[in-house]
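Please read these notes with the model open beside them.

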Amino acid sequence: MGMRDHWFMKRICLVCMGNICRSPMAEIVLRRTLEERGLDVLVDSAGTGGWHAGEPMDERALATLAEHGYDGEAHRARQFDRAWFAERDLVLVMDAENLRAVRRIAPPGADVRLFRSFDPAAPEGAEVPDPYYGGQEGFTDVLVMVEAASEGLAKYLEDH
């Protein structure tokens, strides 16, 4: 029995508004980051809103991931379901607005935090801003932020 056995099948859900930009990018990056460290964690993502359910990731998000060696082609958007709290150990949200939305439906004791809270270089309350209405550079900025938060979270999981 190794030190990390108690992390076996830990489940983390990443949440943004529509589940087509930020949270799926974070899901793809975090999954690879944890796999590379041998951490057995199930990672998925969802949106607080359901209007994109069933749709693929935003083309700009896909392109940004692909440019950096990640594959997001299989992603289909889903709406977060309050029943999932029972099956997730940690729910990580991209911004304060969605954090409030998720906490409103969370049962007592649910672990719901801002994703960037795991980036030691990020200021308190740092958000991953929604790149949807901006240009391509916003998606690159999101990737940099989710990579940093993913590294921080991996280190956190290794240390706890």
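**Notes on the predicted model**

1. Phe 80 is buried, its relative accessible area being 9%; buried means under 20%, exposed over 50%, and partly exposed in between, computed with a 1.4 Å probe on protein chains only. This is a predicted model, in which local features need pLDDT of at least 70 and side-chain atom pairs count only at pLDDT 80 or more, while totals for chains, interfaces and linings use all residues. Residues are numbered from 1 along each chain as its sequence is written, and side-chain values use heavy atoms, with hydrogens and water left out.

2. How many aromatic pairs does a search of the whole structure find? There are four. Rings of Phe, Tyr and Trp (its six-membered ring) pair if their centres lie within 6.5 Å; planes under 30 degrees apart count as stacked, over 60 as edge-to-face and the rest as tilted. One of the pairs joins Phe 80 and Trp 84, edge-to-face, with 5.4 Å centre to centre and 75° between the planes. Phe 80 and Phe 85 are also edge-to-face, because their planes stand at 70°, with the ring centres 5.0 Å apart.

3. Phe 80, Trp 84 and Phe 85 make up one aromatic cluster. Trp 84 is buried, as is Phe 80. Phe 85 has 8% relative accessibility and so counts as buried.

4. The UniProt annotation "active site", from an unreviewed entry, covers Cys 16, Arg 22 and Asp 130; UniProt positions are given in the numbering used here, feature names are shortened, and annotations may be inferred rather than shown by experiment. These residues are spread over 115 residues of sequence but cluster in space, the largest C-alpha distance being 8.5 Å.

5. Cys 16 belongs to strand β1, residues 10-16 (helices, H or I of at least four residues, and strands, E of at least two, are DSSP runs numbered from the N terminus). Cys 16 counts as buried because its relative accessibility is 3%. Beyond neighbours within four places in sequence, its contacts (heavy atoms within 4.5 Å) include Arg 22, Ser 23 and Met 94.

6. Ser 23 is placed in helix α1, residues 22-36. Its relative accessibility is 0%, so Ser 23 counts as buried. Leaving out residues up to four places away in sequence, Ser 23 touches Leu 14, Val 15, Cys 16, Ser 45, Ala 46 and Met 94.

7. Is Asp 130 buried or partly exposed? Asp 130 counts as partly exposed, because its relative accessibility is 40%. Asp 130 lies in the loop between β4 (112-114) and α4 (136-159).
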